Amino acid sequence: MERGILLDIGHGRKHFNWDVFYKCLAEGIKPDTISTDLTSASWREYPVYNMSYIVSKMIVGGLSLDEAFRAVLVTAPKLLGIDDFTSTQKKPCGSRFCFH
């Protein structure tokens, strides 16, 4: 992490392990971004469902609200070159993040 490596929670049906997550948290290692690794096979299926479900799981698992939402709403968009993702200015369709 000191060398600039960024960590992502790519929570898919088979690519996430709570034991590893908790060990990382115990060492002070937290994800920079959170993603769902959704595919047509995992959409609305256990254990992924949707992005709001994954973020909720990360918060229950030990991330603070601020850490979880920063990973999704600030860090991830900045890595994609989107610096003002959460502003209220009019933007093209698809440039907002919504929880349902």
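The model is predicted, so local features are given at pLDDT of at least 70 and side-chain atom pairs at pLDDT 80 or more, while totals for chains, interfaces and linings use all residues. Residues are numbered from 1 along each chain as its sequence is written, and side-chain values use heavy atoms, with hydrogens and water left out.

Let me begin with the overall arrangement. The chain has three helices and two strands, and its order along the sequence is β-α-β-α-α. Helices here are DSSP runs of H or I with at least four residues, strands are runs of E with at least two, and both are numbered from the N terminus. Of the 100 residues, 27% count as buried; buried means under 20% relative accessible area, exposed means over 50%, and partly exposed lies in between, with a 1.4 Å probe and protein chains only. Among contacts (heavy atoms within 4.5 Å) with a separation of 6 or more, 60% join residues 24 or more positions apart.

I turn to the core. Which residues of the largest nonpolar core touch the most other members? They are Ile9, Phe21, Ile34, Val55, Met58, Leu63 and Val72, out of 13 residues in that core. Helices α1 (18-26), α2 and α3 each supply at least two residues of this core, and α2 gives the most, with four. The term nonpolar core denotes a set of buried Ala, Val, Leu, Ile, Met, Phe, Trp, Tyr and Cys residues joined through side-chain atoms within 4.5 Å. Ile9 itself touches Phe16, Phe21, Pro31, Thr33, Ile34, Ser35 and Met58, when residues up to four places away in sequence are not counted.

Phe21 leads us to the aromatic residues. The structure holds five aromatic pairs. Rings of Phe, Tyr and Trp (its six-membered ring) pair if their centres lie within 6.5 Å; planes under 30 degrees apart count as stacked, over 60 as edge-to-face and the rest as tilted. Why are Trp18 and Phe21 separated by about one helical turn? Because they are three residues apart in helix α1. In general, an α-helix has 3.6 residues a turn, so residues three or four places apart point the same way. Trp18 is partly exposed at 28% relative accessibility, whereas Phe21 is buried at 4%. Phe21 also pairs with Tyr22: the ring centres are 5.9 Å apart and the planes stand at 65°, so this pair is edge-to-face as well. Tyr22 is partly exposed, at 42%. Phe16, Trp18, Phe21 and Tyr22 form one aromatic cluster.

The two ends of α1 deserve a remark. At its start, a side-chain oxygen of Asn17 comes within 2.8 Å of the backbone nitrogen of Asp19. Just after α1, Gly28 has a positive phi of about 80°.

Next, helix α2, which contains Lys57. Is Lys57 buried or exposed? It counts as buried, because its relative accessibility is 14%. Its side chain makes a polar contact of 3.0 Å with that of His11. A polar contact is a pair of N or O atoms within 3.5 Å; within protein, one must be able to donate a hydrogen and the other to accept it, and residues adjacent in sequence count only if both atoms are side-chain atoms. Beyond its neighbours within four places in sequence, Lys57 is in contact with His11, Trp18 and Pro47.

Helix α3 covers residues 65-79. Its 15 residues reach 20 Å from first C-alpha to last, close to the 21 Å expected, where the expected span is 1.5 Å times one less than the number of residues. A kink of about 40° is centred on Ala71; the bend is the angle between axes fitted to the seven residues ending at a residue and the seven starting there. Ala68, Ala71, Val72 and Pro77 are buried in α3, and the buried residues of this helix pack against β2 and α2. After α3 comes Gly81, with a positive phi near 85°.

Finally, the loop between β2 (33-35) and α2 (51-61) holds Asp37. Asp37 is partly exposed, at 39%, and its C-alpha lies 5.3 Å from that of Gly10, 27 residues away along the chain. Thr39 is placed in the loop between β2 and α2 and is partly exposed, at 42%.
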